[in-house]
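Please keep the sequence and the model side by side while reading the points below.

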Amino acid sequence: FNLSYDGNKLALEKSPLLPESVTPEYIVTDFQLVYWPVKELKKILPVQWLLESNQTGRQLFIDNTKIVDIHYLSSDPIWPRSVDLINYRFNYRLHIETLTYESVPE
């Protein structure tokens with residue numbers, strides 16, 4: 001899939017080879033949960049949601065029920081290169097392997 005944003009409108013192109021159940025919106029949400037700063041995520045989560053984190057991963061709860069487990073399999077503090085995400089709510093697992101990246105100064 002390809003997502004592009006021109007500052008006003010988000011455009012989505014999805015390969016017909018992807019199953020209907022694979023939605024780019026969910027994948028983007030997963031990447032946000034994995035990589036966005038916890039402080040920023042907590043600002044936008046609904047009240048009954050709880051995000052816990054430590055150096056090795058994150059856990060997302062709704063009403064005290066764990067719905068997502070994120071395990072950082074590499075110890076790069078800037079961008080964990082290897083990550084496992086397990087979504088118990090929708091019953092899937094996502095493994096992320098970053099082959100290379102370039103850090104851009106803020």
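Is N64 buried or exposed?

1. N64 is exposed, with a relative accessible area of 72%, where buried means under 20% relative accessible area, exposed over 50%, and partly exposed in between, using a 1.4 Å probe and protein chains only. This residue sits in the loop between β4 and β5, and N64 has a positive phi of about 70° although it is not a glycine.

2. A second residue to look at is N91, found in the loop between β6 (82-87) and β7. N91 is not a glycine, yet its phi is positive, at about 60°, and with 69% relative accessibility N91 counts as exposed.

3. The model is a predicted one, in which local features need pLDDT of at least 70 and side-chain atom pairs count only at pLDDT 80 or more, while totals for chains, interfaces and linings use all residues. Residues are numbered from 1 along each chain as its sequence is written, and side-chain values use heavy atoms, with hydrogens and water left out.

4. An open sheet is formed by 5 strands in the order β3-β4-β5-β6-β7, with antiparallel pairing; strands are DSSP runs (E, at least two residues), numbered from the N terminus, and two of them pair if DSSP finds at least two bridges between them. Because β3 (49-54) and β7 (92-97) stand at the edges, each with a single partner strand, one side of each has no neighbour in the sheet.

5. Strand β4 (residues 57-62) is joined to strand β5 (residues 65-72) by 6 bridges, and the two run antiparallel. Within this pair, G57 stands opposite H71 in β5.

Technical notes
Helices (H or I, at least four residues) and strands (E, at least two) are DSSP runs, numbered from the N terminus.
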